[in-house]
Amino acid sequence: MLIGQDVTIVGAGIGGLACALALAQRGARVRVLEQADALREVGAGLQISPNGVAVLDALGLGEELRARGMAMSDIRLLDYRHGAPVLRMNLAKYSADRTYLALHRADLLELLEQAAREAGVAIETGRAVTGVDGTGAGISLALQGHGTQTAPLVIGADGLHSHVRTHLNPSGEPFFTGQVAWRAMVARAGNQGDGGSVRLYMGPGKHLVTYPLRGGALINIVAVQERKEWVEESWSAKGNPAVLQNVFRDFCPEVRDLLARVEKVNLWGLFRHKVAANWTGAGCALIGDAAHPTLPFLAQGANLALEDAWVLADCLASMEQGAALKAYQQRRKSRAIRVIGAANANARNYHLRNPALRLGAHTILRAAGNLAPRRVLRQFDWIYGHDVTQS
């Protein structure tokens with residue numbers, strides 16, 4: 001159904017570029033509108049779990065993805081004060097049949113951009129969409145400084161503040177979750193680190209995650225704190241390293257030593273919409289954060305966007321457009337809601353404030369890790385073992 005079909009995608013992020021590539025590979029003529037004036041090396045580290053790797057493999061990017069990414073060997077949950085082990089999920093031993101990767105967001109975007117352009121996708125930068133409207137001939141897009149254009153099919157991959165989402169869901173504003181995140185990267189110091197280990201330090205009302213990037217040359221840091229104050233929601237708002245260091249001053253020496261080397265940090269207020277009621281409408285569809293903003297407590301934001309991209313392209317290639325859009329929402333919405341619920345639960349479990357509750361929870365996790373380590377890891381099979389390219 002896609003041969004020669006014109007498709008316009010709003011947003012050149014991971015979901016938008018992956019969707020563009022998937023559609024172009026199925027014969028569509030795809031144009032991507034990106035508000036930034038250039039596609040730059042922005043963002044920080046991200047984790048691509050097996051469900052996301054499956055999509056990138058199916059898009060033909062698996063070999064290059066593995067060359068750019070760093071295989072994760074294990075995930076370690078640690079107590080904040082002394083860095084004492086709470087739980088180790090040994091990916092190399094108990095999930096050796098699956099690929100877990102850490103890589104710089106810019107490296108993945110570059111890989112997707114190159115593949116999309118080679119597939120014939122037109123990527124237009126400096127094209128900020130400021131409004132979306134429906135017409136009898138298609139969807140009308142208002143472009144800042146570039147008038148109005150009409151497209152027969154528009155896909156909103158334009159994130160939390162999506163104009164396409166607003167077109168399909170007129171009511172609802174993003175709300176502050178009461179949490180903020182700092183993102184930073186530092187060069188690896190000497191033999192610091194544990195290969196491909198993800199380390200998560202859990203403390204009262206806050207937690208901190210580290211993992212290596214680019215062959216271990218860099219260490220990515222994500223630090224989350226609960227707070228009442230509103231913070232600007234932005235991927236690029238500048239933070240103060242001294243504030244970050246002060247907030248986590250009660251964490252163990254290895255965390256304090258790592259944060260002491262942070263020179264630049266971005267501060268990200270965690271905002272969410274509820275999962276969109278309408279993911280699709282006449283001539284429109286949403287993918288990624290535009291449909292289901294996801295907090296970073298299971299590292300599934302990019303992975304869900306990749307899943308969305310594949311499923312939407314698959315539906316559009318196999319049935320008439322109206323039926324395809326309905327089928328896409330039916331296949332994706334309930335899974336996104338379930339994953340987001342699990343991520344929210346993780347945030348609560350990481351931030352236990354009551355010392356007795358925290359001690360009890362950590363004792364249970366230690367026992368489970370010692371007695372049934374495979375079962376602990378496999379409890380997330382419904383997330384990581386899900387392969388949308390086979391369904």
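Threonine 8 is placed in strand E1, where strands (E, at least two residues) and helices (H or I, at least four) are DSSP runs numbered from the N terminus. The residue is buried, with a relative accessible area of 5%; buried means under 20% relative accessible area, exposed over 50%, and partly exposed in between, with a 1.4 Å probe and protein chains only. Leaving aside neighbours within four places in sequence, threonine 8 is in contact with Arg31, Leu33, Leu141, Ala151, Leu153, Val154 and Ile155, contact being heavy atoms within 4.5 Å. This is a predicted model, in which local features need pLDDT of at least 70 and side-chain atom pairs count only at pLDDT 80 or more, while totals for chains, interfaces and linings use all residues. Residues are numbered from 1 along each chain as its sequence is written, and side-chain values use heavy atoms, with hydrogens and water left out.

Strand E1 belongs to an open sheet of six strands, ordered E8-E2-E1-E12-E19-E18, with mixed pairing. Strands count as paired if DSSP finds at least two bridges between them. Strand E8 (122–124) and strand E18 (280–281) are at the edges with a single partner strand each, so one side of each has no neighbour in the sheet. Strands of a sheet pair through backbone hydrogen bonds, either parallel or antiparallel. Strand E1 (residues 6–10) and strand E2 (residues 29–33) are parallel, with five bridges. Aspartate 6 has arginine 29 in E2 as its bridge partner.

Helix H1 (residues 14–25) lies across E1, E2, E8 and strand E12 (154–156), and runs at about 170 degrees to E1. Here axes are lines fitted to C-alpha atoms, for helices over the stretch in contact, and angles run from 0 to 180 degrees between N-to-C directions. From its first C-alpha to its last, the 12 residues of H1 reach 17 Å, close to the 16 Å expected at 1.5 Å a residue; the expected span is 1.5 Å times one less than the number of residues. Of the 12 residues of H1, 11 are buried, so the helix is largely enclosed by the rest of the structure. Among them are Ile14, Leu17, Cys19, Leu21 and Leu23. Just after H1, glycine 27 has a positive phi of about 100 degrees.

Another set of pairings involves strand E7. Strand E3 (residues 45–48) pairs with E7 in the antiparallel sense over four bridges, and isoleucine 48 stands opposite leucine 101 of E7. Strand E4 (residues 70–71) is also antiparallel to E7, over two bridges, with methionine 70 opposite alanine 102. In a regular strand the side chains alternate between the two faces of the sheet. In E7 both faces are covered: Leu101 and Leu103 on one side, and Ala102 and His104 on the other, are all buried.

The structure holds seven aromatic pairs. Rings of Phe, Tyr and Trp (its six-membered ring) pair if their centres lie within 6.5 Å; planes under 30 degrees apart count as stacked, over 60 as edge-to-face and the rest as tilted. Tyrosine 100 and tyrosine 384 form an edge-to-face pair, 5.5 Å centre to centre with 75 degrees between the planes. Tyrosine 100 is in the loop between helix H4 (91–94) and strand E7 (101–104), and tyrosine 384 is in helix H13 (residues 381–384), so the pair ties together parts 284 residues apart in sequence. Tyrosine 100 and tyrosine 384 are buried. For phenylalanine 248 and phenylalanine 251 the ring centres are 5.0 Å apart and the planes at 75 degrees, so this pair is edge-to-face.

A charge sits over a ring if NZ of Lys or CZ of Arg is within 6 Å of the ring centre and within 35 degrees of the ring normal. Lysine 206 lies over the face of phenylalanine 248, 5.6 Å from the ring centre. The charged end of arginine 26 sits over the ring of tryptophan 310, at 4.4 Å from its centre.

Two further arginines complete the tour. Arginine 199, in strand E14 (residues 197–203), counts as buried at 12% relative accessibility. Its C-alpha is separated by 9.7 Å from that of glycine 83, 116 residues apart along the chain. Arginine 335, in helix H10 (residues 321–350), counts as buried at 10% relative accessibility. Beyond neighbours within four places in sequence, arginine 335 is in contact with Asn51, Leu304, Glu307, Trp382, Ile383 and His386.
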